[in-house]
Each structure stands twice: as structure tokens, then as C-alpha cells.
Amino acid sequence: MSKTNKYPSSENHNLFLDTGKHIAFYRQRAGMTQTQLAAAVGVSRTYISRIESQNQVQAFSMELLFDISKALDIPVHLLFMPLKGGRKRKNQ
């Protein structure tokens with residue numbers, strides 16, 4: 001990737017949004033606030049908020065992703081799996 005390319009790339013835009021949605025889901029399931037998760041992984045609450053936001057893309061490191069999965073006590077692969085109980089499309 002050249003330095004003139006936008007990061008994250010448009011091809012990865014939805015992956016970041018989906019991962020943020022998963023983090024929010026599992027954080028809420030764990031009964032944690034954004035502030036608690038942020039403290040557990042050593043970032044600000046606003047950074048967690050930007051990661052979870054569905055209105056913007058916040059790139060973040062794999063190391064932070066691993067730290068988040070540990071703080072939420074879930075295997076990291078769950079952050080990439082379809083969420084159970086999600087809304088189904090009309091055609092499904």
C-alpha cells in the first residue's frame with residue numbers, strides 16, 4: 001500500500017464497521033461500559049466509542065483487538081463471526 005492511499009482502504013471499510021458492531025455487542029453482553037472496556041485495554045472511552053460507531057471508521061491494531069477479546073473474555077474469532085439473534089433480511 002502506498003502512502004498516498006487512504007487508510008483504511010475502501011475495501012476494508014465494512015470490515016471495520018462490522019468488527020466495531022461485534023465489539024459493542026460482546027461488551028454489552030459482558031455488562032461492561034465503554035469506560036470500563038477502555039480502562040481494561042488502556043485506551044480512552046472516546047476511542048472505544050469511535051471503534052464501535054457505525055457512522056465512522058476507526059482503524060485500530062490487531063494487538064488492541066486481541067486485548068479487547070481478552071477483556072471481554074471471548075475468543076478473538078467471535079469478533080468476525082455472524083452475530084446470533086441478528087435481524088434477518090426479508091428474503092431469508
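1. Ground rules. This is a predicted model, where local features need pLDDT of at least 70, side-chain atom pairs count only at pLDDT 80 or more, and totals for chains, interfaces and linings use all residues. Residues are numbered from 1 along each chain as its sequence is written, and side-chain values use heavy atoms, with hydrogens and water left out.

2. Helix α3. Start with α3, residues 45–52, whose buried residues are Y47, I48, I51 and E52. (Buried is under 20% relative accessible area, exposed over 50%, partly exposed in between, with a 1.4 Å probe and protein chains only; helices are DSSP runs of H or I, at least four residues, numbered from the N terminus.) The cover over these buried residues includes α1 (13–29), α2 (34–41) and α4 (62–71).

3. Aromatic pairs. How many aromatic pairs does a search of the whole structure find? It finds two. (Rings of Phe, Tyr and Trp, the last by its six-membered ring, pair if their centres lie within 6.5 Å; planes under 30 degrees apart are stacked, over 60 edge-to-face, the rest tilted.) F16 and F60 sit edge-to-face, 5.8 Å centre to centre with 80° between the planes. This pair links distant parts of the chain, as F16 is in α1 and F60 in the loop between α3 and α4, 44 residues apart. F25 and Y26 are edge-to-face too, because their centres are 4.9 Å apart and their planes at 85°.

4. D73. Have a look at D73 in the segment after α4: its phi is positive, about 60°, although D73 is not a glycine. Most residues other than glycine have a negative phi. D73 counts as exposed, at 71% relative accessibility.

Technical notes: Helix = DSSP H or I, 4+ residues; strand = E, 2+ residues; numbered from the N terminus. Contact = heavy atoms within 4.5 Å.
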